Amino acid sequence: MEKKILKKEVVKNPEPFNPDILTRALKSYLFGNNVIFRDTIGSTNVFLKRLAQEGASEGTVVIADEQSAGLGRLGREWFSKKGENLLFSVLLRPQLPPGKLFVLTMIFALAGIDAVQDISGLNAMIKWPNDLYIGGKKLGGILAEVSVERGVVQYLVLGMGLNVNWNPSMEGTLLYPTSSIFAESRKKVSREDILVNLLKRLEVSYLELGQDMACIEGFYRKWNEKSFILGKTVVVETGRERIRGEAAGIDRDGALTLITADGVERKFLCGDVSVNMTLSEQRNF
Ligand code: BTN
């Protein structure tokens with residue numbers, strides 16, 4: 001019975017995203033300066049990187065209802081159903097050395113989980129390095145792309161895909177165990193409300209960092225508190241190796257510390273993490 005009701009809700013055409021709500025709500029905000037919406041786009045990150053190269057101002061936001069070539073981390077594809085989720089990218093021009101940019105991904109992820117909590121009441125977590133997680137499943141992902149010239153950061157594009165009103169169980173095989181706000185709460189929420197909340201939060205944190213880098217400590221603490229993997233036995237896959245150990249912490253530069261069974265401490269700046277399962281095991285999960 002419940003399945004039938006769900007099916008009916010899913011086939012209903014989703015409301016298109018309304019960028020005017022964003023522009024009105026963010027009138028005097030950094031991320032309300034230049035809001036660009038497209039019904040369909042290749043990838044919001046690719047589009048925004050081009051605008052950044054052409055001189056677009058910090059705070060420019062690109063949102064799309066659909067991506068024909070959505071990008072995930074490590075060259076993967078990002079799949080999303082038209083009009084059901086959030087697909088967006090923001091442009092920052094931070095005055096930070098390239099090695100310190102992870103804090104911006106951190107505040108972006110924190111803004112994401114806090115906005116999800118505010119609008120839906122759901123308690124999402126962060127899975128190193130850039131995933132938003134809920135109930136052991138992927139709720140969203142972040143793709144951070146930086147341009148550096150002669151050691152100086154020119155721009156940073158932060159893209160997020162957040163599963164909102166989608167029902168992933170209606171799809172065929174997905175790469176990961178996947179969830180959405182709808183799948184967790186059985187409630188449809190306003191994508192515009194989430195994005196407004198998220199962008200306001202991001203702006204507050206970004207400006208705080210700009211005034212005093214010491215506040216990185218607070219973000220770092222919260223990020224670790226919200227980490228889905230800390231204290232758990234995990235497997236890190238880097239492409240070259242697969243190592244099992246306990247996830248002991250994430251440092252200020254974003255490196256994951258793993259303690260292996262023989263007590264050796266290893267640090268990773270990138271890779272994929274699965275909790276007690278290999279990625280291939282997860283895919284069959
Ligand atoms: C990942 O988990 O692999 C990162 C996924 C990032 C997806 C978002 S959707 C909006 C933006 N545009 C893209 O092409 N990718 C990011």
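Analyst: The account below starts with the contact between the domains and then turns to the sheets and loops.

The model is predicted, so local features are reported only at pLDDT of at least 70 and side-chain atom pairs only at pLDDT 80 or more, whereas totals for chains, interfaces and linings use all residues. Residues are numbered from 1 along each chain as its sequence is written, and side-chain values use heavy atoms, with hydrogens and water left out.

The protein chain is assigned a domain 1 covering 2-225 and a domain 2 covering 233-283; such bounds come from an automatic or database domain assignment. Between the C-alpha centres of domain 1 and domain 2 the distance is 24 Å. Domain 1 brings 19 residues to the contact and domain 2 brings 17 residues, where contact means heavy atoms within 4.5 Å. About 1,600 Å² is buried between domain 1 and domain 2, with carbon and sulfur atoms giving 51% of it; buried area is the accessible area (1.4 Å probe) that two parts lose on being put together, summed over both. On the side of domain 1, Lys127, Trp128 and Tyr220 account for 38% of the area buried against domain 2, more than any other three residues.

The polar part of this contact can be counted in two ways. Four salt bridges link domain 1 and domain 2, a salt bridge being a side-chain nitrogen of Lys or Arg within 4 Å of a carboxyl oxygen of Asp or Glu. There are also 10 residue pairs in polar contact between domain 1 and domain 2, with both residues at pLDDT 80 or more. A polar contact is a pair of N or O atoms within 3.5 Å; within protein, one must be able to donate a hydrogen and the other to accept it, and residues adjacent in sequence count only if both atoms are side-chain atoms. Helix H4 (102-120) and helix H7 (216-225) are the elements that give two or more residues to the side of domain 1 that touches domain 2. Of these, H7 gives the most, with five residues. Helices (H or I, at least four residues) and strands (E, at least two) are DSSP runs numbered from the N terminus.

The peptide bond between Trp128 and Pro129 is cis, with omega about 0°. Pro129 sits in the loop that runs between strand S4 (125-127) and strand S5 (131-134).

S4 and S5 belong to an open sheet of seven strands, ordered S1-S2-S3-S7-S6-S5-S4 with mixed pairing; two strands pair if DSSP finds at least two bridges between them. Strand S1 (35-41) and S4 are the edges and have a single partner strand each, so one side of each has no neighbour in the sheet. From one strand to the next, the twist averages 20°; axes are lines fitted to C-alpha atoms, for helices over the stretch in contact, and angles run from 0 to 180 degrees between N-to-C directions. Seven bridges pair S3 with strand S7 (residues 152-162) in the antiparallel sense, and Ser89 has Gly159 in S7 as its bridge partner. Across S2, S3 and S7 lies helix H6 (residues 191-211), at about 25° to S3. The loop between strand S2 (61-67) and strand S3 (86-92) holds Leu74, which has a positive phi of about 55° although it is not a glycine.

A second open sheet has five strands in the order S11-S10-S9-S8-S12, with antiparallel pairing. Its edge strands, S11 (265-268) and S12 (272-275), each pair on one side only, and the twist averages 45° from one strand to the next. Asp272 forms a salt bridge with Arg73, with 3.5 Å between the closest N and O atoms.

Strand S8 (residues 233-237) pairs antiparallel with S9 over five bridges, including that of Glu237 with Arg242. Four residues separate the strands in the hairpin of S8 and S9, where Gly239 has a positive phi near 100°. Strand S9 (residues 242-250) is in turn joined by five bridges to the antiparallel strand S10 (residues 256-260). Ala247 is partnered by Leu258 in S10, and Glu246 by Ile259. The hairpin of S9 and S10 has five residues between the strands, with Gly254 at a positive phi near 90°.
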